[in-house]
Structure formats: structure tokens, C-alpha cells
Amino acid sequence: MVKIIASSVRKGNVLEVDGKLYVVLTAQNFHPGKGTPVTQVDMRRIVDGVKVSERWRTTEQVERAFVEDLNFQFLYEDGEGFHFMNPESYDQVVVDVDTMGDMKAYLQEGMTCVLSIHEGIPLSVELPRHVTLEIVETEPVVKGQTASSSYKPAILSNGIRTLVPPHIDAGTRVVIATEDNSYVERAKN
């Protein structure tokens, strides 16, 4: 186990708390004007899937479990779960639906993801930071409307809702940040 300070905990990290392993779902650092800065962490216990919330001072030490982060390629989804393959060894692993969570909407065949593996079991999946998707539905482009700070709602080809600039129309391919479903830019290809 490696000791790290609480403020460096990130989504996808695996921590050992009271002898049990937890996957970090969200981690936020709060710096109040008065008082001690704290790190708020939402985690899922690996053995039974129970979600837990913890709050530590940002300078407190927490134990990070030894986990291998390896590149895996997404193959397909079936009743068992999400199948990934290690492109070097051709080993295949199955990630269950709970571990995949709401990130499954961004999975595309052949996509390379980073899987955190502890003793042969996939604990978390890290998607690429940006994916390219097509806009399937949005309000029509209004002539003369410039790219101002006003964004309009749009639905992506994977069913997720996002906000896009007014000049983006249905059928346009855009780059989306997987972390918060936000528009990054118009796709270049």
C-alpha cells in the first residue's frame, strides 16, 4: 500500500479504508474561506457495491491500493457485461454493469480504455478524455446568430443530452468531454 495525501485522490483511484477496498467515484477538494480545507470523496466498496461518503482534511494520509493500470480495447457488450481485451497479451476481461456505470454510453467498439486491475479483477474503467459523436437532434441554426455565450440543448448519437453553441446543427460531428458531457469543439474529420 502507498500512502498519499487526501487532496491528490482522483476518480477511479482504489483506496484501502479499514481493511476494505473502495473505488473512488467522485473526489472534490473544498477550501472554505475560514477553517480547514477538506476533500469529500464518494466511493463504492468493491466486495458488495455499497456506496460510502468520506471527508478528510486535505493533508491527511490515505492508503492507495496497488492496482495495475493497463490499456484494454473494448470489444462488445452482452448479458455478462462489457468485454475488454489486452492488445499485447490478448487476455480478455469482463467488466460488470455496476463497475461500468453511466460511462457505458461513451463506449465505442475498438476504443482503448485504461482498466485498473487488482489481483486479476477489473475495479474501474477510465475512458479517453474526449470522444467524437454526432448531434442527432437540436434546435435549427438561426441565421445571423453568432457564437455567443448562449448555448442550446442537443442530443448526441449515444442518447446523452449536452449544450452546444448556436451555430452547431443536427448531423454535425462534435468532440465531447467524457468527464462532464460538455461540448469541446467541432470535430475536425
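Predicted model: local features only at pLDDT ≥ 70, side-chain atom pairs only at ≥ 80, totals over all residues.
## A buried ring and its partners

At 1% relative accessibility, F82 counts as buried. F82 forms an aromatic pair with F74, with 6.4 Å from centre to centre and 45° between the planes, which makes the pair tilted. F74 is buried as well, because its relative accessible area is 8%, under the 20% cut-off.

A further phenylalanine joins in: ring pairs link F74, F82 and F84 into a cluster. In total, the count comes to three aromatic pairs.

F84 stands opposite V93, a residue of β9. Strand β8 covers residues 81–85, and four bridges join β8 to β9, with the two running antiparallel.

These strands belong to an open sheet of five, ordered β9-β8-β7-β10-β11, with antiparallel pairing. At its edges lie β9 (92–95) and β11 (121–126), each pairing on one side only. On average, neighbouring strands of this sheet are turned by 45° against each other, direction ignored.

## What the record says

UniProt, in an unreviewed entry, lists residues 69–123 as "domain: Translation elongation factor P/YeiP central".

## A pair of tyrosines

Now to another place where rings meet. The ring centres of Y151 and Y183 are 6.5 Å apart, and their planes stand at 70°, so this pair is edge-to-face. Y151 sits in the loop between β12 (130–138) and β13 (152–156), while Y183 belongs to strand β16, so the pair ties together parts that are 32 residues apart in sequence.

The surroundings of the two partners are worth a look too. Y151 is partly exposed, with a relative accessible area of 43%, whereas Y183 counts as buried at 17% relative accessibility.

## Two loop residues with positive phi

Most residues other than glycine have a negative phi. Here are two residues to check against that pattern. D18 has a phi near 55°, a positive value. You can find D18 in the loop between β2 (14–17) and β3 (20–30). D18 is exposed, with a relative accessible area of 75%.

N181 also has a positive phi, near 60°. Its loop runs between β15 (173–177) and β16 (182–186). N181 is partly exposed, with a relative accessible area of 28%.

Key:
Residues numbered from 1 in each chain as written. Heavy atoms only, no water. Pairing = 2+ DSSP bridges. Axes fitted to C-alpha atoms, helices over the stretch in contact; angles between N-to-C directions. Buried < 20%, exposed > 50% of the residue type's maximum accessible area, 1.4 Å probe, protein only. UniProt positions renumbered as here; feature names shortened; annotations may be inferred. Phe/Tyr/Trp six-rings, centres within 6.5 Å; stacked < 30°, edge-to-face > 60°.
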